[in-house]
Amino acid sequence: MPSILVTGGAGYIGSHTVVELFRADYKPVIIDNFSNSEKSVLKGIEAITGETISLYAGDCNDEQFVKHVFESEPEITGCIHFAAYKAVGESVEKPVQYYKNNINSLLELLSAMLKFNIKNLVFSSSCTVYGQPDDLPVTESSPVKKAESPYGNTKQICEEIIKDTVDATGKIKAVSLRYFNPVGAHPTSQIGELPIGTPNNLIPFLTQTVAGIREELIIFGDDYNTPDGTCVRDYIHVVDLAKAHVKALDYLEKEKNDSVYQVFNVGTGNGHTVLDVIKTFELATGEKVKYRIGIRRPGDIEKVWANADKIYEELNWKAERTLKQALYDAWNWQKVLKSRGK
Ligand code: WQD
């Protein structure tokens with residue numbers, strides 16, 4: 001079976017993707033520096049799949065380390081690149097670290113791929129590249145706007161680097177997946193989101209509030225031009241998102257043209273407000289969410305959701321899990337974390 005290098009494979013989306021790779025008869029090889037994940041994740045993946053994982057603990061920015069991995073794993077036919085810093089707010093405070101880490105790690109990976117003649121690349125991008133779209137739902141041909149944060153800018157720059165490399169070398173086939181909002185956890189509760197410190201994102205903050213770890217959830221503004229005044233997002237179950245990566249890899253493995261670059265939105269096509277999420281969580285779990293309305297968070301866009309027709313037409317992928325299922329899985333995972341004292 002083809003070996004796939006998964007950078008950041010112990011992370012939230014990476015770990016769920018590693019599970020789906022095993023399921024699709026790929027052999028994932030993980031690189032992770034554990035700057036934003038834990039080794040316990042590997043045990044969770046092994047508990048789900050019954051497989052032993054090939055792990056290389058190290059940093060994609062380390063040229064010698066990346067070279068060592070490729071030399072040690074001659075069966076690698078493709079890469080999925082997750083490894084990056086991803087906190088929007090933190091990127092505003094630490095732009096140099098974000099540009100250096102997120103861009104240089106991609107450059108090291110691309111250099112190694114060209115050196116070892118590895119052709120297939122799936123890149124973890126984000127709907128953040130669209131900013132606040134003028135028209136909704138947003139399609140892949142919607143304009144990429146000036147990023148609202150250094151984090152979003154690194155995603156735009158990385159997409160351009162990949163496209164330039166595909167066009168210039170004719171030796172790389174690549175897909176950029178523009179994620180909408182990944183949420184939920186594996187239904188087995190063996191793996192899930194592991195926010196380190198205070199969560200930046202809505203769902204972990206919500207589940208930690210219900211678990212009594214946080215005092216209350218603050219909704220960042222209810223004066224937007226949306227049905228209930230709170231922001232609208234396209235929340236996609238992390239398992240559906242993981243499966244999209246396998247579909248992208250299948251597509252690249254079959255693609256005869258050695259120089260192809262495709263961009264796909266990966267979302268459900270449905271938008272939900274923050275208050276919708278709270279109501280759906282309460283319905284899914286029977287728990288009550290303590291919240292209050294606060295001021296807007298700087299940099300937040302008002303509303304965004306995907307037109308996901310292209311990925312369905314070209315990769316035969318569509319989201320199958322509901323927001324309710326994702327919130328149910330997220331809550332079960334939170335309870336497991338609490339039982340572990342986290
Ligand atoms: C969702 C909604 C908040 C927390 C970012 C990145 C995106 C991806 C996911 C990495 C917004 C509201 C949140 C809270 C709230 N990152 N909210 N109270 O900002 O849409 O997307 O994270 O892959 O690239 O841009 O996600 O979960 O932070 O916020 O009211 O305590 O929840 O205002 O409307 P966001 P989020």
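Which helix and which strand each supply at least two residues of the shell around the ligand? Keep that in mind as you look through these close-ups of a predicted model.

**View 1. The shell around the ligand.** Helix H7 (202–210) and strand E8 (217–220) are the elements to look for, as each supplies at least two residues of the shell. E8 gives the most, with four residues. In total, 20 residues surround the ligand, and the closest are Thr-128, Leu-202, Ile-218, Arg-233 and Asp-300. Sorted by class, the shell has 11 nonpolar, five polar and four charged residues.

View 2. A polar side-chain atom of Ser-126 lies 2.8 Å from a ligand oxygen atom, and for Asn-201 the distance from a polar side-chain atom to a ligand oxygen atom is 2.8 Å. On its own, the ligand has 690 Å² of accessible area, and the protein covers 91% of that.

**View 3. The largest nonpolar core.** This core has 45 residues, and Leu-21, Ile-45, Leu-177, Val-266 and Ile-311 are those with the most contacts inside it. Among the elements that give two or more residues to this core are strand E1 (3–7), helix H1 (12–23), strand E6 (173–179) and helix H8 (238–254). The largest share, nine residues, comes from H8. Zoom in on Leu-21 and, leaving aside its neighbours within four places in sequence, you will find it in contact with Ile-4, Val-6, Tyr-26, Pro-28, Ile-80, Val-246 and Leu-249. A second, separate core of 29 residues includes Tyr-56, Phe-70, Met-113 and Cys-158.

View 4. The bond to trace runs from Leu-136 to Pro-137; it is cis, with omega near -5°. Pro-137 sits in the loop between strand E5 (120–126) and helix H6 (150–169).

View 5. Phe-34 belongs to the loop between strand E2 (27–32) and H2, while Ser-189 is in the loop between strand E7 (181–183) and H7. Are these two residues buried or exposed? Phe-34 counts as buried because its relative accessible area is 18%, under the 20% cut-off. Ser-189, at 13% relative accessibility, is buried too.

Key. Residues numbered from 1 in each chain as written. Predicted model: local features only at pLDDT ≥ 70, side-chain atom pairs only at ≥ 80, totals over all residues. Heavy atoms only, no water. Near = heavy atom within 4 Å. Polar contact = N/O pair within 3.5 Å; in protein donor to acceptor, adjacent residues only side chain to side chain. Areas by Shrake-Rupley, 256 points an atom, 1.4 Å probe, with all protein chains shown as cover. Nonpolar A, V, L, I, M, F, W, Y, C, P; charged D, E, K, R; others polar. Core = buried A, V, L, I, M, F, W, Y, C linked by side-chain atoms within 4.5 Å. Buried < 20%, exposed > 50% of the residue type's maximum accessible area, 1.4 Å probe, protein only. Contact = heavy atoms within 4.5 Å.
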